[in-house]
Amino acid sequence: QVHLVESGGGLVQAGGSLRLSCAASGRTFGTSNMGWFRQAPGKEREFVASIRWSGGTTFYADSVKGRFTISRDSAKNTGTLQMNSLKPEDTAVYYCAARWGAAAVYEYWGQGTQVTVYS
C-alpha cells in the first residue's frame, strides 16, 4: 500500500515563498513520475509540475514556470515543490501524486495541503 503525505502548506503574503514536501511510504519513488496538482475553490484540479524520478526531467505549467521548482530527494524518498514569488491566484489545495512504470494516470494521491496567498 502506497501512502503519500504532503506537508508545508500555510498562509503567506504575496511575493513570499513556501516549500511543500511529499513523503512516500510503502514504495520508493525510484522509477516513478511524481507530480504536483492544485485545486482552487470552484475550479477543477490542475497540473502544476512533475518530475521523472529517474533522470530528473521536470515539467511545469506555464502559470508557475520561473517561480516554482520541483525536485527530489531519493535518500529521503521525498519530493518537494519550492514556490517563490507567490501570487493570490496560487491559493489552492496542493496535492502530490505518483505513478509507476507504464501507468498512464496518477495512481496514488496525497490528502492535500492548503496554500493561501494574501495580498
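A close look at one residue

Mentor: Not counting residues up to four places away in sequence, Asn33 touches Ser50, Ile51, Arg52, Ala97, Ala98, Arg99 and Tyr106, where a contact means heavy atoms within 4.5 Å. Before we go on, bear in mind that this is a predicted model, in which local features need pLDDT of at least 70 and side-chain atom pairs count only at pLDDT 80 or more, while totals for chains, interfaces and linings use all residues. Residues are numbered from 1 along each chain as its sequence is written, and side-chain values use heavy atoms, with hydrogens and water left out.

Asn33 belongs to strand E4, which covers residues 32-39 (a strand is a DSSP run of E with at least two residues, a helix one of H or I with at least four, both numbered from the N terminus). Its relative accessible area is 8%, so Asn33 counts as buried (under 20% is buried, over 50% exposed and anything in between partly exposed, with a 1.4 Å probe and protein chains only). Among the residues that Asn33 touches, Tyr106 deserves attention, since the side chains of Asn33 and Tyr106 are joined by a polar contact of 2.6 Å (a pair of N or O atoms within 3.5 Å; within protein, one must be able to donate a hydrogen and the other to accept it, and residues adjacent in sequence count only if both atoms are side-chain atoms).

Thr80 can be read in the same way: it sits in strand E8, residues 78-83, and with 9% relative accessibility Thr80 counts as buried. Its contacts, apart from neighbours within four places in sequence, are Arg19, Leu20, Ser21, Trp36, Thr69, Ile70 and Ser71. With Ser71, the side chain of Thr80 makes a polar contact of 2.5 Å. Tyr95 is 15 residues from Thr80 along the chain, and the two C-alpha atoms are 11 Å apart.

Turning to the loops, Asp90 lies between E8 and strand E9 (92-100), and its relative accessible area of 0% makes Asp90 buried. The side chain of Asp90 reaches the backbone nitrogen of Lys87 at 2.8 Å, and beyond four places in sequence Asp90 touches Arg38, Arg67, Phe68, Ser85, Val115 and Val117. Ser85, which has its place in the loop between E8 and E9, is partly exposed at 41% relative accessible area; although Ser85 is not a glycine, its phi is positive, about 50°. Asn77, in the loop between strand E7 (68-73) and E8, likewise has a positive phi of about 50° without being a glycine, and at 12% relative accessible area Asn77 is buried.

As for the whole chain, the protein has zero helices and eleven strands. Its radius of gyration is 13 Å, close to the 14 Å that the globule rule gives for 119 residues, so the protein is as compact as a globular protein of that length (the radius is taken over C-alpha atoms, and the rule is 2.2 Å times the number of residues to the power 0.38). Along its principal axes, the C-alpha trace spans about 40 × 25 × 25 Å. Of the 119 residues, 44% count as buried. Among contacts with a separation of 6 or more, 53% come from residues 24 or more positions apart.
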